[in-house]
Amino acid sequence: MENNGKTTQEERYMARCIQLAKQGKCSTSPNPMVGAVIVCNGKIIGEGYHRMCGYAHAEVNAINSVEDESKLKQSTIYVSLEPCSHHGKTPPCADLIIRKGIPEVVIGCMDPFAKVAGRGIKKLQDAGIKVTVGILEQECRDLNKQFITFHSQKRPYIILKWAESADGFIDITRTGGHPAILSSPLTNMLVHKKRAETDAIIVGTRTALLDNPVLNVRNWYGNNPLRIVIDRTLKIPESFHLLNNEIQTWVITEKEHKNNSQTHYKIMEFTENLLPQILTELHKNNIQSVMVEGGSKLLQSFINKNLWDEAFIEKTAINLNSGVKAPSINGKDYLIYARFNTPIWHYFNDKNTSR
């Protein structure tokens with residue numbers, strides 16, 4: 001394997017691969033987002049990205065976009081993730097590259113998926129193709145941090161999300177009624193965008209009972225994520241939105257209950273290991289990312305067990321003066337930036353993340 005370091009030209013083409021790959025953000029899971037660019041004599045002659053799970057990969061789409069196929073034998077293909085070497089829903093991309101006679105491949109980062117994991121690179125090299133790996137490597141890993149975490153840590157990528165008041169509360173103290181309104185219509189839309197980019201959402205019993213949430217993407221576009229609610233003794237009324245059997249939903253409980261077409265009851269032991277049990281079940285079902293939108297207790301339980309990769313926290317200008325305290329991530333510095341004139345704290349857990 002050759003790695004001659006980064007060059008401005010290589011970075012430029014790889015940056016284009018990343019830009020292309022992002023177009024599949026809401027449609028490729030559980031597959032990774034991948035972009036590919038084909039260059040001949042300093043000119044881009046083909047581009048492609050993985051549009052949707054089960055459909056052609058980036059390399060295939062890029063090769064198919066080339067008008068004069070004879071130029072492939074003098075070209076370099078840039079791809080943000082190692083070409084696959086196994087038969088899945090589509091044939092191996094490494095085989096296609098070899099068959100088309102492309103003499104050079106530049107790769108952003110290796111694929112951690114066990115059926116690839118360097119095998120694609122080796123197959124290309126064994127065919128006499130020049131392979132360079134590691135161009136904009138961190139950016140390419142960040143692009144698929146959920147996919148990489150899922151395969152390297154054997155659990156979903158975990159995002160914590162909450163909105164808190166200026167004085168550190170996430171809600172007023174209540175036994176019913178409406179929650180404190182801390183998000184604006186624009187930041188609420190942003191949350192729905194993040195839902196569309198995530199495979200699953202999880203909430204606790206109290207949040208379900210107090211808010212009767214829908215947990216869909218009605219303010220954005222894309223697929224609704226899997227809804228997960230922890231309900232140990234099945235307190236949630238069947239008339240509530242989470243049990244409407246319209247969106248795939250898991251109910252984590254210790255009580256037996258008949259499954260419906262879209263609502264499945266997962267029996268688990270409510271011990272200190274409940275969260276690892278849930279994450280194991282998610283991994284088994286190929287759920288690569290989960291957003292925790294529960295109340296303070298559930299969020300804090302993920303934090304205390306260091307089971308999180310990213311925190312997305314909306315800090316509002318409103319003071320509640322009392323109520324339910326926001327979760328605390330002690331000893332951490334946040335990356336703070338303004339979005340829609342509202343500060344958003346966005347933090348990556350450096351101990352867990354692939355960054």
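Buried means under 20% relative accessible area, exposed means over 50%, and partly exposed lies in between, with a 1.4 Å probe and protein chains only. By that rule, the buried residues of helix α6 (residues 145–153) are K145, F147, I148, T149, F150 and H151. Helices (H or I, at least four residues) and strands (E, at least two) are DSSP runs, numbered from the N terminus.

This is a predicted model, in which local features need pLDDT of at least 70 and side-chain atom pairs count only at pLDDT 80 or more, while totals for chains, interfaces and linings use all residues. Residues are numbered from 1 along each chain as its sequence is written, and side-chain values use heavy atoms, with hydrogens and water left out.

**Nonpolar cores**

- A nonpolar core is a set of buried Ala, Val, Leu, Ile, Met, Phe, Trp, Tyr and Cys residues joined through side-chain atoms within 4.5 Å.
- In soluble globular proteins, nonpolar side chains tend to be buried together.
- The largest nonpolar core here has 43 residues. M14, I38, Y78 and V105 touch the most other members.
- Helix α1 (residues 8–21) gives the most to this core, with six residues.
- A second, separate core has 31 residues, including I230, I287, L299 and I329.
- Contact means heavy atoms within 4.5 Å. Leaving aside neighbours within four places in sequence, Y78 has contacts that include E10, Y13, M14 and C17. Also among them are G35, A36, V37, V39 and V106.

- Strand β9 covers residues 226–230. Five of its five residues are buried.
- L226, I228 and I230 point one way from β9, and R227 and V229 point the other way.
- Two strands pair if DSSP finds at least two bridges between them.
- Strand β8 (residues 200–203) pairs with β9 in the parallel sense, over four bridges. A200 stands opposite L226 in β9.
- From β8 the chain crosses through α8 to β9, and this β-α-β crossover is right-handed. That term applies if, with the strands pointing away from the viewer, the path from the first strand over the helix to the second runs clockwise.
- Strand β10 (residues 249–253) also runs parallel to β9, and four bridges join them. Here I228 stands opposite W250.

**S289, a buried polar residue**

- S289 lies in strand β12. S289 is buried, with a relative accessible area of 0%.
- A polar contact is a pair of N or O atoms within 3.5 Å; within protein, one must be able to donate a hydrogen and the other to accept it, and residues adjacent in sequence count only if both atoms are side-chain atoms.
- The side chain of S289 makes such a contact with the side chain of Q146, at 3.2 Å.
- A polar atom of the S289 side chain also lies 2.9 Å from the backbone nitrogen of D199.
- Not counting residues up to four places away in sequence, S289 touches Q146, P156, Y157, E197, T198, D199 and A200.

**Backbone features to look for**

- The peptide bond from S29 to P30 is cis, with omega near 10°. P30 sits in the loop between α1 and β1 (35–40).
- N212 is not a glycine, yet its phi is positive, near 45°. N212 is in the loop between α8 (205–211) and β9, and is partly exposed at 23% relative accessible area.
- N286 is not a glycine either, and its phi is about 65°. N286 is in the loop between α9 (274–284) and β12 (289–292), and is partly exposed at 35%.
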